[in-house]
Amino acid sequence: MARKGHRPSRPPQGSSNRPRFWGRHAVYAALDNPERTVRKLWISREAASQIVIPEGLTVTYAEVADLARLVPSDAPHQGIVADVDPLDDIWLGDLLTMGADDNRPLLVLDQITDPHNVGAILRSAAAFDALGIITQDRHAPPESGTVARSASGALEMVPWVRVVNLARALDEIGEAQFWRVGLTGEGALTLTQAIGQTGKIALVLGAEGEGMRQNTEAHCDALARLPISTKIESLNVSNAAAIALYAVASRSEGRS
């Protein structure tokens with residue numbers, strides 16, 4: 001089990017700042033995660049008939065219209081809403097130790113703040129068995145219902161490390177023998193060329209539009225591009241992450 005600790009900057013948890021999750025995948029995964037504390041559950045009678053509710057959990061049975069008032073106006077709650085505590089923090093060194101004996105890829109996100117994108121990246125990370133994702137503490141979304149919904153349960157599966165300084169984190173990742181590949185449209189190499197055939201890979205992605213910051217690029221071992229058509233300027237960052245993870249997985253399995 002990875003050593004965990006709390007950031008001094010995190011405020012004490014209370015009902016007003018707990019994440020609120022909604023939708024079956026997000027809430028079911030939270031309930032199944034022994035590392036997650038679910039504080040309260042609101043659920044329709046129909047949804048309750050489809051799951052086993054843990055003993056001791058505070059449960060309020062509600063009509064669909066009442067549940068809709070607990071979440072954003074466009075949120076598909078699917079008859080289930082929960083208030084949860086954030087997961088404990090994971091130290092980067094512990095994550096790197098967890099991956100010391102295998103070649104699971106890392107994802108490093110440079111100032112990607114859109115919760116839908118981060119959630120979708122978490123989902124792809126789970127699908128391709130990534131070691132975890134790393135973000136800068138102050139330039140990434142907090143755990144939220146939007147992240148959890150977009151991740152479709154993967155928020156409970158993929159370790160998420162938040163660091164103060166991304167450049168120092170990339171130094172530590174390099175010292176752990178990861179080949180750090182930054183994705184950029186201006187890369188001299190294609191992604192396939194950059195990742196090679198063996199070894200540990202850390203994929204570094206920047207925010208849409210701005211891309212990686214210059215200092216982040218300077219801490220990469222290689223800069224690579226996806227070989228997309230000139231008809232399209234770029235891909236959504238979550239799509240790019242999925243393609244890059246597939247390329248690493250294909251490499252390790254000997255596929256083209």
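I started at Thr190, which stands opposite Arg225 of β13. The model is predicted: local features need pLDDT of at least 70, side-chain atom pairs count only at pLDDT 80 or more, and totals for chains, interfaces and linings use all residues. Residues are numbered from 1 along each chain as its sequence is written, and side-chain values use heavy atoms, with hydrogens and water left out.

I then checked the strand pair. β11 and β13 run parallel and share two bridges; two strands pair if DSSP finds at least two bridges between them. Strands here are DSSP runs (E, at least two residues), helices likewise (H or I, at least four), numbered from the N terminus.

Next I traced the sheet. It is open, with seven strands ordered β9-β8-β7-β12-β10-β13-β11 and parallel pairing. β9 (160–163) and β11 (189–190) are the edges; each has a single partner strand, so one side of each lacks a neighbour in the sheet.

I looked for a helix on the sheet. α5 (residues 115–127) lies across β7 (106–110), β8 (132–136) and β9, at about 170° to β7. Axes are lines fitted to C-alpha atoms, for helices over the stretch in contact, and angles run from 0 to 180 degrees between N-to-C directions; contact means heavy atoms within 4.5 Å.

Last, I took the overall figures. I count ten helices and 13 strands in the protein chain. Its C-alpha trace spans about 55 × 40 × 35 Å along the principal axes.
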